Amino acid sequence: MAKQNPPLIETVDLCKSYFNDGMETPVLFDIDLTIREGEFISIMGPSGSGKSTLMHILGFLDTPTSGSYLFRGQKTRVLHDDELARIRATRVSFVFQAFNLLPRTTVLDNVILPLLYHPTIPASERTERGMKAIEQVGLTERATYFTNQLSGGQQQRTAIARSLVTEPDVIFADEPTGNLDSASGIQVMEVLQNLHSKQGRTIVLVTHEKTTAEYAERVIHILDGRIATDTRDFKRNHAKNVKHLK
Ligand SMILES: Nc1ncnc2c1ncn2[C@@H]1O[C@H](COP(=O)(O)OP(=O)(O)OP(=O)(O)O)[C@@H](O)[C@H]1O
Ligand SMILES: [Mg+2]
């Protein structure tokens with residue numbers, strides 16, 4: 001289904017280097033990647049291969065050194081700071097390994113935090129939207145708990161609710177199960193999978209665990225800063241071969 005949807009994210013020859021004290025560290029090389037609206041894609045690869053770097057660029061936390069990045073068909077290089085700020089506030093969101101929640105603050109107050117900076121959602125809608133997001137991750141009964149009174153899995157589900165509350169175009173999740181035991185990790189992945197399959201949300205997941213990656217319908221492997229494999233290509237080639245045989 002997602003294959004017919006328009007591209008949300010497109011990179012062409014995208015490269016990234018870090019520069020420290022005049023020293024260049026090249027990290028990503030010629031990344032050509034298209035992610036369509038409604039896709040659930042995992043990015044796998046060993047530590048240091050460039051997964052987080054790529055995700056940070058796709059999520060507007062960093063910029064490429066060369067090549068292009070188009071978001072909803074728009075070249076991002078030409079966007080002004082205020083347009084980038086608006087995209088960050090309304091169109092993308094993140095879930096991190098370390099949850100990044102405010103302690104001694106309720107689940108609801110954490111979840112509605114992104115709405116405080118939202119340019120169009122009125123203050124009067126914050127609580128209702130927050131509770132709706134909390135319901136989607138199964139934490140309605142915990143809405144008034146402080147986040148430091150929750151289990152790790154519940155904390156990560158709170159972070160997912162926070163990532164949903166603005167109804168972004170895409171959720172980026174960087175090792176969301178990395179700090180969790182396997183049972184909580186499965187719960188978190190089931191929440192993400194449901195958001196994709198029931199609501200058609202676009203999710204980009206970074207993980208180095210194969211079992212976690214396989215919740216997605218498409219998996220790409222990054223090795224030394226390059227896309228080594230993409231299961232979408234396997235499927236495409238398989239379809240071509242099958243056609244050829246007929
Ligand atoms: N700010 C920085 N300055 C210089 N080099 C950096 C910087 N951030 C990351 N790197 C380097 O870029 C490479 C890719 O890092 P990145 O964090 O993208 O890897 P990763 O695939 O997410 O790894 P992990 O699985 O450990 O999270 C690494 O070699 C890292 O040392
Ligand atoms: Mg990383």
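Modeller: Two strands are said to pair if DSSP finds at least two bridges between them. Please keep in mind throughout that this is a predicted model.

Colleague: With that definition in hand, which residue in strand 10 does I222 stand opposite?

Modeller: Strand 9 and strand 10 pair in the antiparallel sense, and four bridges join them. Within this pairing of strand 10, the residue that stands opposite I222 is I227.

Colleague: In what order do the six strands of the open sheet with mixed pairing lie?

Modeller: Strand 6 and strand 10 (226-230) have a single partner strand each, so one side of each is left without a neighbour and these two stand at the edges. Neighbouring strands of this sheet are turned against each other by 20° on average, direction ignored. Strand 3 pairs with strand 8 in the parallel sense over four bridges, and four bridges also join strand 3 to strand 9 (residues 218-223), again running parallel. The order is therefore 6-7-8-3-9-10.

Colleague: How many of the five residues of strand 3 are buried?

Modeller: Both faces of strand 3 are covered, with F40, S42 and M44 buried on one side and I41 and I43 buried on the other. Strand 3 (residues 40-44) is thus largely enclosed by the rest of the structure, and the number of its residues that are buried is five of the five.

Colleague: About what angle does helix 1 make with strand 7, where helix 1 packs on the sheet?

Modeller: Helix 1 touches strand 3, strand 6, strand 7, strand 8 and strand 9 as it packs on this sheet. Taken against the direction of strand 7, the direction of helix 1 makes an angle of about 155°.

Colleague: Which are the edge strands of the four-stranded open sheet?

Modeller: This sheet is antiparallel in its pairing and has the strand order 2-1-4-5. Strand 4 (residues 66-71) is joined to strand 5 by two bridges, and F71 has Q74 in strand 5 as its bridge partner. Helix 1 (residues 51-58) lies across strand 1 (7-20), strand 2 and strand 4, and runs at about 60° to strand 2. The strands that pair on one side only, and so form the edges, are strand 2 (23-36) and strand 5 (74-75).

Colleague: At roughly what angle do the axes of helix 5 and helix 6 cross?

Modeller: Two packed helices are described by the angle between their axes and the distance between the axes. Here G153, Q156, R157, I160 and L164 in helix 5 meet S184, Q187, V188, V191, L192 and L195 in helix 6, and helix 5 passes helix 6 in a right-handed crossing. Angles under 35 degrees count as roughly parallel, and helix 5 and helix 6 are therefore roughly parallel to each other. Their axes come within 9 Å and cross at roughly 20°.

Colleague: Is G153 buried or exposed, and what is its relative accessible area?

Modeller: G153 lies in helix 5 and touches L180, S184 and V188, not counting residues up to four places away in sequence. Its C-alpha is 8.6 Å from that of A183, although G153 and A183 are 30 residues apart in sequence. Buried means under 20% relative accessible area, and G153 is buried because its value is 1%.

Colleague: Which residues of helix 2 are buried?

Modeller: What covers the buried residues of helix 2 includes strand 4 and strand 6 (92-96). In helix 2 (residues 81-90), the buried residues are L84, I87, A89 and T90.

Terms used
Residues are numbered from 1 along each chain as its sequence is written. Chains are lettered from A and ligands numbered from 1 in the order in which they are written. This is a predicted model: local features need pLDDT of at least 70, side-chain atom pairs count only at pLDDT 80 or more; totals for chains, interfaces and linings use all residues. Side-chain values use heavy atoms; hydrogens and water are left out. Contact means heavy atoms within 4.5 Å. Axes are lines fitted to C-alpha atoms, for helices over the stretch in contact, and angles run from 0 to 180 degrees between N-to-C directions. Buried means under 20% relative accessible area, exposed over 50%, partly exposed in between (1.4 Å probe, protein chains only). Angles under 35 degrees count as roughly parallel, over 145 as roughly antiparallel, 65 to 115 as roughly perpendicular and the rest as oblique. A crossing is left-handed if the near helix is turned anticlockwise from the far one by less than a right angle, and right-handed if clockwise.
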